[in-house]
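Visitor: I would like a close look at a single part of this assembly, taken slowly and with the criteria spelled out.

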Amino acid sequence: MAKYIIRRLLWVIVLLFLVSLITFVIFYLLPSADPATLRAGRQPNPAVVAQIRHNLGLDKPWYTQYFNYMKALVLHFNFGYSYTNNVNVRTLIFDRLPATISLTVGAAILFLVLGIGVGTISAVRRRSKFDRAAMGTALVAISAPVYWLGLLALFVFAKDIGKVPIFPGASSYVPISQSPTKWFTSLLLPWIVLAASFAAIYARLLRANLIEVMSEDYIRTARAKGLSERRVIYHHGIRSAITPIVTAAGLDIGVLLGGAILTETVFNIPGIGRLAYDSILAGDLPMIQGTVLLGAFFIVIMNLVVDVAYAFIDPRVRYS
Amino acid sequence: MRRYLRSLPLLATAVASVVIAGCGGSSSSSSSSTSTGSTAAKNGGAVTVLEVGGGVLSLDPGYWYYQTDYTDLYQPTQRALYGFTPQAASPVPDLATSQPILSNGGKTLTFHIRPGVHYSAPLASRTVAAADIKYAMERCFAAGVGNGYAFSYFNRIVGAPSKPTTTVPSVSGITAPNASTLVITTTVPVGVLTVPNALALPCTVPIPQDYAAKYDTGAQSTYGMHQVFTGPYMISGAGTGTVPSSGYQTGKLLALVRNPSWVKSTDPIRPAHFDTITFKGGNDITVASQQILSGQSLMSGDFAAPPPAILKQGLTSSQKSQFQIAPSGGNRYIALNTTVKPLDNVNFRRAIAAVLNRNALRLTRGGPAIGTVATHFLPPQNPGFQQAGGTAGDPANDFYANPNGNVALAESYMKKAGYPTGQYTGPPLLTIADNEPPAANTAQAVQSQLGQIGIKLTFREVPHATMLSKYCEVPKAAVAICPTLGWGRDFFDSQSFITPLFYGPNIIPSGNSNMSQVNVPALNTQMQAAEQLTDATQRASAWANLDKEITSQVYVVTWLWDNEVGFHSTNVNGVQWPFNGNDWDLTASSLK
Amino acid sequence: MSTDQAPLLQVEDLKVEFKTDDGIVHAVDGISYSVKAGTTLGIVGESGSGKSVTSLTTMGLTRSRSTSVSGKILFEGKDLTTISADEIRHIRGNEIAMIFQDPLSSLHPFYKVGAQISEGILAHRSVSKAAARDRTIDLLEMVGIPDPHRRVDQYPHEFSGGMRQRAMIAMALANEPKLLIADEPTTALDVTVQAQILALIDDLQKRLGMAVIVITHDLGVVAQIADEIAVMYAGRIVEHTDTRRLFSAPQHPYTWGLLKSIPRLDSPRDEELVPIQGRPPSLVNRPSGCFFHPRCPYLLEDHKRIDPKLEPVPGDVDHQVACLLPDATRREIWQGLRAGKTPEELRALVEPPAATVAATTVPPDQGGGV
């Protein structure tokens, strides 16, 4: 197993190299904006633009730029400086990362608990009123765009602009180090909004899996042993039904760690997602690279985590 | 000042209600004030400004050029040679004690520096000296500072570099014979210096050389993070000599507190009512608008107006008093590239101007409530506006006579341009527009309106930054029509409106503002002459004449003079600042 | 068969119906049998005959809103069809245990084998986990799994097919059940392993004195270990007798078909197998009259209308059969089949006098020379 993990980690490094190269080439060949011009102010002296271009290293061929970038990255863990406002990319990204992590982890816990809970009850009480209502609501939650759901949530529940003021409104996020209580309450509504569609997906997924699993032979054996129905469902049924959920959840969490753009936007949570979006619009290549690499890193690592977890869940799976 | 990269709303109506603080600052020199009633300004309290974008781009005074930089940092935290009060339409002495003392035919300008203006900690015991302003101006020529206007306005100072330098240069034409005297000499008379509009820009914010020089080395200056402040406010926690993250976080937060070193009696411009001013960035425009209108102690920031639905509802309800709408001093126009056939034909351009339904275009941005249909290039509140035709415009420009457009007239111009049927028969014209609403809606309206005289477009919508830096500002891209453009002034002088857009030698390979690529020798000479006029009245006339010619030639189709829509919570008294496009003057605003 | 004891399990006129979207499935349509301690009953039939449903119902595993059960299943005097869900759960895995066809899919793939066995113990006995584990190891030894101390912590996929079935048996016997039901215990196993498993079941039965019900489609299996055999078809028992008699003197055409369709070592090499033509009937829309009539080679018109009852064969109260053909005819036919004749040839024995064209007619119920 250790050898397997090491091999996979080496692949992670290869993959990240590949991602960085592709990103670089894309934004070099098809840049969305010219950062030198954007920074040069109004009606710039061509010499000013040329100077800025030189300062940013943009006058060198793309492979030289890439090599310099990778050298700084690998040797000094330096992601460069933003073309837009010269901020240290690494500093800004790691500054924003805790917010995204807070948002993701909380939402993940919520959607897993809710999704598995609702999915189980629905599967066990198939075709009951609860089942129909739950699956119907799930369909709505999956279809509703996150941004719209966020706005709706604010206009109903936010303390400052909502009709039923319960939760803190947008822009109330503070880091946990500043005030754990404020941090927690400011994230409640975003967690709910972000978790909504995921919980719905997982509820439906678990329901389908569990129904299938409950018709397996070993469930019949468990019942034949005289175990309580509760034990049959939880110990035998859910244990099997949950494996695809683990895979899916791991990947979803990996993606979310790269930034939940819409949720971060509507609630004004200073995370990676919004940063990525803004930097793409401005053609800010170092920032784009930074956020893309970070996102890729999370997805690839979560992939590995999920695969390893699978080996612990299902003893038939053995990596060599 | 450069308008920030955002779409501006348009405001019309005769209701230009500019509310000014009652206990206003001292009267300024010649000013055309726009005042209405006054409300009692409360001293003290905290206010929060909600911003949609990332806030200021840099903390360095030498870099500031955008509307947001001026509102958030320039006016509240720094003083310059000259400044603007909310009432002033021409520069008011701030660190200078009077208007420039001219000699040598206007080529030598002498300034006396006001005594007793202290810096903030850690230089609290020091006062502003002339040498500090000299250094500040000089560093604006350095590549590491990245200033965007020094080479436009200070290029005629004796000894000024012709291109950015790697280190801060020494400019012989700027001298400080003693601590309280500053002398600038120019090669020819420069109108924007003699009427010191260009000296109200932040390059004249004083910066002590011995303190700042160590930050100005290297490829990028870091002075911004270590600056000392001269204004009524400073960045929270910066007294240590470094701006802490509790005072500033890029894109998220800027916190201002009172500057203990500021002495009110030395400052004729800024009342400074609030105790603290906090800027929060990254907000969603819909949510922020709602928060401002329903909350307390909030003001709108860098977004030009709330979303149309909220604006409409606000103006028709009791929230109306929370809005302040005033001309931004800017316009919206459609650039026609005169190097792309058949846009080189003036009659073809006039046909385009005639067919466009400017009322309909205005509707795409929210309707009559947000703008005045333009009849010539210069917007209101700019010198020369009246002479150029005022609101009604020149009747000789029949293509602008009907704000709803005139298809028959357009067709007659088409015939004059060589299309006998009155319909265009040539190849499609490359058109690049902003892809974000409402600009995208405007562009689509233009497209369908041009279709009435058979003009087909190769129509593309791209992000704003792309539209400018890769297409419309790049002559090589050969874009025929750029329909979603706007322009704002740098100061109350029409030179900054006309020269960048229509002066031939200003055409550059990238970042080109002269998108119509106008290069008419007679016009160029006329502009050069106008630049050198030192008398304000003469300048107004000269630029008005240029406006007339430009409008008649339809190098661009100007369709709107737009307005700034500011809004705030019920307990806030917002004062708008005409110099900065009627964005807030936070040193004059207060709680009620 | 011992005749003095009271039966451990007595099924009386059991009917089980399932409501489905396609209609009502008559899975079990009025069957009765009994099993005594220390004996083995074999229930034989095709899939869809209802043989498994009977046992599952005995265990209470068919209870649901769409199932209706009538009749009685008496176990030690209690009627298992009417006791509460909790009560029958206490009996399951405890006094009545069941093993299933495919031991790989019948064991949970994620849990260790030992843990799954211990689970069954802990569900019914209040003992410590350690004690349950000890007992589990003993059970594994008892069913002949080598190295039980190591095996107890292994997973099902680490066991061979035969060992898995042994483990299933161990699991079933964990709480010393009085009745063991084995549903197709050897179908998923190799032939060589089959014999071992059956021998094991047999051996354990003798040692523990359980009653055993073996459900299978394979006559070879019941031949080996059953004391008496019930043949089921379309939810009914069509023949019921002790093993020896079933194989030597079967009386139902279905049973004949089953017997003739298995190859025998002692049959001539060129003798063809004679499968039963047709397919098992739908349990929703069953054939009219005798359920077997669509596939019976000896069909007469009346058989399409009249539904035969399960009745004792004349002269032998322990042999029951449900067939409309006369007893003597049946014996004749069987003799003929044993001699190698085909059903087509033997059909003549069944023809009514009016249908025969030949001059000499022999009344059908006067068989000669049985």
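How many residues does the contact take from chain A and how many from chain C?

Guide: This is a predicted model, in which local features need pLDDT of at least 70 and side-chain atom pairs count only at pLDDT 80 or more, while totals for chains, interfaces and linings use all residues. Residues are numbered from 1 along each chain as its sequence is written, and chains are lettered from A and ligands numbered from 1 in the order in which they are written.

The contact takes 17 residues from chain A and 23 residues from chain C, where two residues are in contact if their C-beta atoms, placed from the backbone, lie within 7 Å. On the side of chain A that touches chain C, helix H9 (217–224) and helix H10 (229–241) of chain A each supply at least two residues; helices here are DSSP runs (H or I, at least four residues), numbered from the N terminus. H9(A) gives the most to this side, with six residues. By class, the side of chain A that touches chain C has five nonpolar, four polar and eight charged residues, with Ala, Val, Leu, Ile, Met, Phe, Trp, Tyr, Cys and Pro counted as nonpolar, Asp, Glu, Lys and Arg as charged, and the others, Gly among them, as polar.

As for the domains of chain A, the assignment, which is automatic or from a database, gives domain 1 (2–89) and domain 2 (96–313). Their C-alpha centres lie 33 Å apart, and 23 residues of domain 1 of chain A are in contact with 18 residues of domain 2 of chain A. H1(A) gives the most to the side of domain 1 that touches domain 2, with ten residues.
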